Amino acid sequence: MMIEKKLKQLSEDIVIPDPLKPDQIEQRLQHAKAGRQSRYARRFTTRLALGAACLLLVAAVGNYLLASGILNINPDSDPQHNSAPQAGSATPAVSPTQLPEESAAPEGEIYETLRQKIALSMESSGLAQNENTTEAASEDSKEVADASGSSGSTQKEANNEYSGTNLQVQNVDEGDVVKTDGTYIYTSAGDTFGSTVCIYKAGGKDTKKLTELTVDSMNISEMYIKDHFLVLVGNDWEKQSEKEKLSGAYTGHDIQQENTIVLVYDIADIKKPKQTFRKTQSGTYSNSRINGNHLYTFSVMYAVSADKKDKMKRYIPSVGGSLVPEDCLIIPSDVTSSAYMVFTSLDITGGDDFSDTLSILGGDGICYASEENIYIASPTADYTKTTISRFRYQDGKLTENGEKTFRGKILNQFSMDEYEGKLRFVATTEHTGLITGDRKTSNGLYVLDENMELLGKVDRLAKSERIYSARFMGNKAYFVTYRETDPVFLVDLSDPSKPVVKDKLKIPGFSEYLQGYGEGLLLGIGSNINKNWDTQVKLTMFDISSGTNVQEIHTKLLEKETYSLAGKNHKAILADAGKNLIGFATESFEKNGKQKITYRLYSYDEKKGFQKLATLSPKNMEISSVRGLYIGEHLYLADGEGIGGIYVYDLNTYKQLAKVTK
């Protein structure tokens with residue numbers, strides 16, 4: 001390839017010192033391999049004094065290094081030296097130096113290594129010089145929060161109960177398009193030139209809009225309310241400058257390198273929000289969490305080119321407008337992807353910069369956060385394996401803290417759970433026959449200990465099926481697989497080294513979402529396919545009170561409703577056992593083919609089963625963005641995108657009391 005030819009040409013006229021001769025290098029490489037502990041065992045730091053030696057090394061043995069995948073060769077230091085912080089140590093806070101676009105690339109071993117590795121990767125895959133290739137990003141607590149197994153969305157404010165966002169883990173907040181603090185309701189929506197946040201004073205029939213906040217050139221993905229702060233996260237676009245086009249790097253396409261934006265507003269004066277923080281980080285917004293006063297944000301950046309040393313922002317992530325410092329970059333030795341996961345923390349109550357950052361090459365994936373650790377499940381290049389990486393996060397400090405690779409795939413964040421320091425997860429594994437080539441699947445539950453080593457497992461379950469939903473509740477796990485029937489598995493994890501399947505219940509259809517609902521009950525929301533191959537939304541209530549078996553005690557088929565968002569977004573579900581209220585939006589089609597969106601509300605009776613409370617059908621409701629929530633004795637349907645406002649109902653009669661539009 002091109003880079004290999006250049007390296008060979010350079011090497012012809014260079015006299016190689018003895019320490020850099022191939023036989024000496026090979027000995028050091030073998031020694032370094034023996035000392036490698038894990039996929040994330042090495043971080044690289046700048047070695048300015050070794051610049052000349054590094055140049056000789058790259059020229060003489062570049063082909064060997066690129067083929068071997070060993071990146072950090074320092075002939076004057078101990079080959080076993082590992083600059084990565086040990087588990088539990090804190091990563092230094094970020095204080096990067098601003099890098100102007102027109103400045104020369106700073107010296108740095110890892111920056112040059114990344115440029116070469118990404119250039120080779122993109123050249124071999126046919127992506128070199130394709131400036132328009134920017135892909136989109138790929139989406140329980142230690143103790144169960146209450147007897148229902150849900151982390152709970154009911155909160156109290158001034159003796160006024162209200163429903164918050166449906167969370168997986170108590171005390172770990174998740175962003176959404178609609179939020180409430182019990183006094184105000186916040187909605188977000190995209191506009192022609194940006195996004196708009198509307199703030200409503202929730203007052204039943206007297207509900208009114210107080211504030212409209214417009215954000216230019218930003219698509220708001222999610223937002224948070226923390227004390228008197230409004231936090232917005234989403235994306236902006238950063239176009240290639242005219243100067244870059246004239247520099248020779250331009251190939252005929254505009255670079256649309258997407259950036260993630262974090263905005264924080266002080267809303268102590270609700271009518272006059274005051275922006276206190278605005279920063280960007282490279283990549284498409286992927287996920288976020290708030291724990292304590294800190295926001296943790298994930299974005300995925302795809303390198304678009306690595307052919308120019310002075311265009312480093314094309315292949316090195318930036319945070320706050322500056323390149324991520326070298327000691328905050330992680331390069332797995334076996335990485336084959338040009339995508340980064342960019343991970344930042346921010347104290348939303350103060351400060352004018354990110355608190356910390358990490359950037360992992362090839363680290364994008366599914367995010368699960370316990371109260372102490374964040375886990376990222378990333379598929380390998382061939383999508384047959386998954387690597388779960390653990391990062392400890394505390395008071396804004398981020399520390400890489402172990403990883404494990406296994407053969408199989410994880411469905412979503414509910415497939416993972418941390419309990420008493422151990423990670424439990426369920427996964428589907430695909431097996432290919434050596435002779436026939438047929439692909440078959442099986443499923444299992446696995447437990448990793450505090451060192452991310454396999455502690456216990458139960459696998460090869462439900463062959464030829466796939467996992468559709470999961471829920472961990474204390475020392476019990478429930479998960480659903482599906483092909484033609486709906487097996488619901490109950491696994492006892494009392495001894496995490498020896499998980500035991502206690503029951504396997506087969507019923508028609510499948511549940512895409514599971515959530516505890518009161519003492520000894522498990523709610524399932526999913527689908528059923530009837531004899532005419534029509535899809536119907538299905539509600540199921542399981543009795544799990546014995547702890548040793550699962551019983552389906554009631555079901556409800558919504559015959560005209562063909563789709564719900566339950567399996568795709570748990571935050572779109574209102575499921576409150578205390579209020580005995582189950583709400584979600586559904587989609588159906590009328591005889592003329594016209595789409596119809598309704599919001600369904602049910603209660604549950606142990607003898608009569610699911611009882612319909614109301615079917616609400618405001619015009620132009622958007623299934624993906626409508627949220628049902630209650631404050632006191634009122635139900636609110638809020639939707640920034642669709643109905644563009646709020647509908648207010650009496651929570652006892654479901655009579656419409658008010659309609660407040662944008």
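**View 1. Aromatic pairs, starting with Tyr296 and Tyr393.** The count for this predicted model comes to 14 aromatic pairs. In the one shown here, Tyr296 and Tyr393 have ring centres 4.7 Å apart and planes at 90 degrees, so the pair is edge-to-face. It links distant parts of the chain: Tyr296 belongs to strand 12 (residues 294-302) and Tyr393 to strand 20 (residues 385-394), 97 residues apart. Both Tyr296 and Tyr393 are buried.

View 2. Tyr468 sits in strand 26 (residues 466-473) and Tyr482 in strand 27 (residues 476-482), so the pair ties together parts that are 14 residues apart in sequence.

**View 3. A cluster of phenylalanine rings.** Ring pairs join Phe298, Phe343 and Phe391 into a cluster.

**View 4. The salt bridge between Glu453 and Lys404.** The structure holds 15 salt bridges, and in this one the side chains of Glu453 and Lys404 meet at 3.0 Å, N to O. Glu453 is found in the loop between strand 24 (439-448) and strand 25 (454-461), and Lys404 in strand 21 (residues 397-407), so the pair ties together parts that are 49 residues apart in sequence. Glu453 is partly exposed, with a relative accessible area of 41%, and Lys404 is also partly exposed, at 25%.

**View 5. The salt bridge between Lys209 and Glu212.** These two side chains, Lys209 and Glu212, meet in a salt bridge of 2.9 Å, N to O. Lys209 is partly exposed, its relative accessible area being 29%. Glu212 is partly exposed as well, with a value of 44%.

View 6. The closest N and O atoms of Glu512 and Lys568 are 3.9 Å apart, and the two residues form a salt bridge; the cut-off to keep in mind is 4 Å. Glu512 lies in strand 30 (residues 510-516) and Lys568 in the loop between strand 34 (563-564) and strand 35 (574-576), so the pair ties together parts that are 56 residues apart in sequence. Glu512 counts as buried, at 16% relative accessibility. Elsewhere to visit, salt bridges that share partners join Glu430, Arg439 and Arg466 into one network.

**View 7. The surroundings of Asp176.** Asp176 lies in the loop between strand 2 (160-163) and strand 3 (178-180), and it is buried, with a relative accessible area of 3%. Its side chain and that of Arg627 are joined by a polar contact of 2.8 Å. Leaving aside residues up to four places away in sequence, Asp176 touches Thr165, Glu222, Met223, Lys571 and Arg627.

**View 8. Two buried cysteines, Cys328 and Cys367.** Cys328 is buried, with a relative accessible area of 2%, and Cys367 counts as buried at 3%. A search of the whole structure finds 0 disulfides.

**View 9. The whole chain, for orientation.** Stepping back, the chain has 5 helices and 42 strands. Of its 662 residues, 55% count as buried. The chain exposes about 28,800 Å², and carbon and sulfur atoms supply 46% of that area.

Conventions. Residues are numbered from 1 along each chain as its sequence is written. This is a predicted model: local features need pLDDT of at least 70, side-chain atom pairs count only at pLDDT 80 or more; totals for chains, interfaces and linings use all residues. Side-chain values use heavy atoms; hydrogens and water are left out. Buried means under 20% relative accessible area, exposed over 50%, partly exposed in between (1.4 Å probe, protein chains only). Helices (H or I, at least four residues) and strands (E, at least two) are DSSP runs, numbered from the N terminus. A polar contact is a pair of N or O atoms within 3.5 Å; within protein, one must be able to donate a hydrogen and the other to accept it, and residues adjacent in sequence count only if both atoms are side-chain atoms. Contact means heavy atoms within 4.5 Å. A disulfide is a pair of cysteine sulfur atoms within 2.5 Å. Accessible areas come from the Shrake-Rupley method with a 1.4 Å probe; for residues, only the protein chains shown count as cover. Rings of Phe, Tyr and Trp (its six-membered ring) pair if their centres lie within 6.5 Å; planes under 30 degrees apart count as stacked, over 60 as edge-to-face and the rest as tilted.
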